[in-house]
Amino acid sequence: MNLRLVLGDQCSRSLSALADLDPARDVVLMMEVDAECTYVRHHPQKITLVLSAMRHFARALTARGVRVDYVRLDDAGNTHNFTGEVARAMARHRPERIIVTEPGEWRVRQEIEGWEETLGLPVDIRDDTRFMADLATFRRWAHGKKQLRMEFFYREMRRATGLLMQGDKPEGGAWNYDAENRKPLARGVTPPASPRFEPDAITLEVMALVAARFPDHFGRLEGFNWPVTAQDAERALAAFIEERLPRFGDFQDAMAEGQATLFHALISTSLNAGLLLPREVCDAAEAAYRAGRVPLNAAEGFIRQVLGWREYVRGLYWLKMPAYKATNALDARRPLPDFYWTGKSGMRCMDAAIGQTRDMAYAHHIQRLMVTGNFALLAGIAPDAINEWYLLVYADAYEWVELPNTHGMAIHADGGIMASKPYAASGAYINRMSDHCGSCRHDVKAATGPRACPFNYLYWDFMARHATRFAANPRMAMPLATLRKMPPEKLAALRGEAVKFLDAVAPLA
Ligand code: FAD
Ligand code: DLZ
């Protein structure tokens with residue numbers, strides 16, 4: 001018999017580890033283990049989501065006649081790590097081999113690759129066919145290229161999948177409609193509420209377990225509202241396509257007071273846990289466009305996120321690990337300020353992003369990139385510290401997707417492998433894209449003085465710190481030219497404010 005593993009983010013009926021399963025002989029092993037809940041101290045909503053999805057998936061497999069050996073977190077004898085649980089299951093079932101779909105994280109892959117030797121059994125590690133680009137295809141695409149720009153990978157993926165194509169030409173004549181997608185939320189536009197997913201008995205039981213077992217983890221568990229089954233995830237997708245996708249493009253980069261989710265899809269938790277497949281969500285968006293229910297800028301903008309960014313970051317992660325995790329191109333060394341946990345920075349945009357992160361285990365892309373990420377970039381927060389934060393606080397966080405977004409997009413730790421310039425912005429950007437500054441105690445127009453917006457002086461301090469490094473980068477020419485023209489006493493005042501602020505909130509050791 002085969003022992004087939006299903007990990008917590010592999011709750012998909014089409015999982016390669018379940019192909020050719022023989023219900024008469026094989027056993028599926030699913031393991032709830034402390035090690036996966038605490039290697040970073042995940043947000044309680046993420047732990048709940050994963051464990052509840054696992055329990056629902058196990059129930060669905062059992063209903064189909066599959067033999068599932070399910071180890072619960074509070075089972076006596078649980079060794080609380082994957083290797084220990086596979087060893088115990090081997091003693092129970094005496095399998096001839098282990099079959100597993102490649103895991104999403106490097107550390108888990110390392111562990112599994114050791115099993116043939118440590119457990120003395122053949123281990124069949126299968127490709128994760130849920131993604132649209134397999135890793136070999138990405139490696140071939142990346143081979144010999146100096147720069148790995150997502151935009152070119154995305155075009156290859158459009159051609160390979162036929163999504164939003166007219167023959168060999170992109171739908172509408174352009175590959176990218178991003179220029180139409182940078183609007184702040186217009187006055188009088190109210191984003192529709194996202195659907196409610198009332199916790200059922202299984203989820204309630206998991207919530208009680210998580211609350212009792214991980215009381216010190218950052219984040220609120222009450223209000224948990226994530227899909228934990230494929231059916232609920234499909235309902236979330238359908239609601240998004242009908243109600244929010246039509247305006248997704250327009251307001252993709254917007255931020256607004258009291259609006260945590262705007263026109264975003266809220267499907268990353270389901271995609272990453274395996275409850276939805278990326279191809280099905282792209283097909284649903286394309287079908288809505290072809291039926292005339294969604295404009296092209298919205299459908300293209302959304303499909304680019306899933307077919308482009310999501311596949312690209314996964315390819316990059318596996319291409320560059322493990323060295324990628326150690327990158328620190330900007331020599332950032334400051335510790336993470338305490339306000340990343342308390343949400344009490346006094347900066348309205350930061351506190352809104354951190355507050356909703358605590359309450360929902362969610363913030364949308366621009367909050368992650370241009371608020372908390374931008375702050376970490378400008379302040380020079382050490383990559384390990386900010387990286388752990390992003391992996392810990394979001395319900396959709398897995399290292400394969402979180403790490404490239406953090407090191408590559410947010411803090412430029414990879415030195416430009418992913419992004420041709422750092423996403424550094426002053427308060428003016430946040431003011432343009434949100435209404436936060438209106439209710440902030442800081443003055444976004446002030447760069448020095450007691451009410452100055454910290455993003456302003458931190459921005460110029462960042463530019464001055466890294467001027468030499470970016471001198472030859474044409475995309476940095478404008479801010480660096482402004483920096484050069486700045487009177488020395490003005491720059492000294494800005495940098496003085498920056499250092500005073502940073503030494504107070506994130507003192508160097
Ligand atoms: P939408 O904005 O509605 O986008 C639709 C889908 O596109 C998302 O569900 C997601 O699957 C995909 N997508 C969009 N942008 C990206 C991207 N940059 N990379 C990969 N997929 C993308 N996403 C995660 O899934 N897990 C993470 O741990 C994660 N960490 C991030 C850390 C930082 C510093 C940054 C800047 C971004 C991170 N992202 C991460 C990407 C993005 O912020 C989330 O995918 C998105 O906010 C999820 O919300 P949504 O489903 O409403 O997305
Ligand atoms: C995230 C997570 C958590 C919190 N708990 C478990 C678990 O108890 N058992 C399990 O199989 N998987 C869990 N996961 C998901 C794993 O961390 C994930 O499979 C690896 O990070 C590989 O992507």
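The buried residues of helix 14 are covered by elements including helix 13 (339–342), helix 15 (365–379), helix 16 (383–393), helix 18 (427–433) and helix 19 (454–465), where contact means heavy atoms within 4.5 Å. The model is predicted, with local features requiring pLDDT of at least 70 and side-chain atom pairs pLDDT 80 or more, while totals for chains, interfaces and linings use all residues. Residues are numbered from 1 along each chain as its sequence is written, chains are lettered from A and ligands numbered from 1 in the order in which they are written, and side-chain values use heavy atoms, without hydrogens and water. Helices (H or I, at least four residues) and strands (E, at least two) are DSSP runs numbered from the N terminus.

The buried residues of helix 14 are C349, M350, D351, A352, A353, I354, G355, Q356 and T357; buried denotes under 20% relative accessible area, exposed over 50%, and partly exposed in between (1.4 Å probe, protein chains only). The 13 residues of helix 14 (residues 348–360) should span 18 Å at 1.5 Å a residue, in agreement with the 18 Å between its end C-alpha atoms; the expected span is 1.5 Å times one less than the number of residues. Just after helix 14, A361 adopts a positive phi of about 60 degrees.

Strand 1 (residues 2–5) is covered on both faces, with N2 and R4 buried on one side and L3 and L5 on the other. Strand 1 runs parallel to strand 4 (residues 97–101), joined by 3 bridges, and N2 has R97 as its bridge partner in strand 4. Another 3 bridges join strand 1 to strand 2 (residues 27–31), also in parallel, with L5 opposite L29. Strands pair if DSSP finds at least two bridges between them.

The structure contains 27 aromatic pairs. F138 and Y312 form an edge-to-face pair, 6.1 Å centre to centre with 65 degrees between the planes. This pair links F138 in helix 6 to Y312 in helix 12 (residues 296–320), 174 residues apart. Rings of Phe, Tyr and Trp (its six-membered ring) pair if their centres lie within 6.5 Å; planes under 30 degrees apart count as stacked, over 60 as edge-to-face and the rest as tilted. F138 counts as buried because its relative accessibility is 2%, and Y312 because its value is 0%.

R149 lies in the loop between helix 6 (135–142) and helix 7 (150–161). Among the residues that R149 touches are W141, Y312 and G416.

Terms used. Lists of a residue's contacts leave out its neighbours within four places in sequence.
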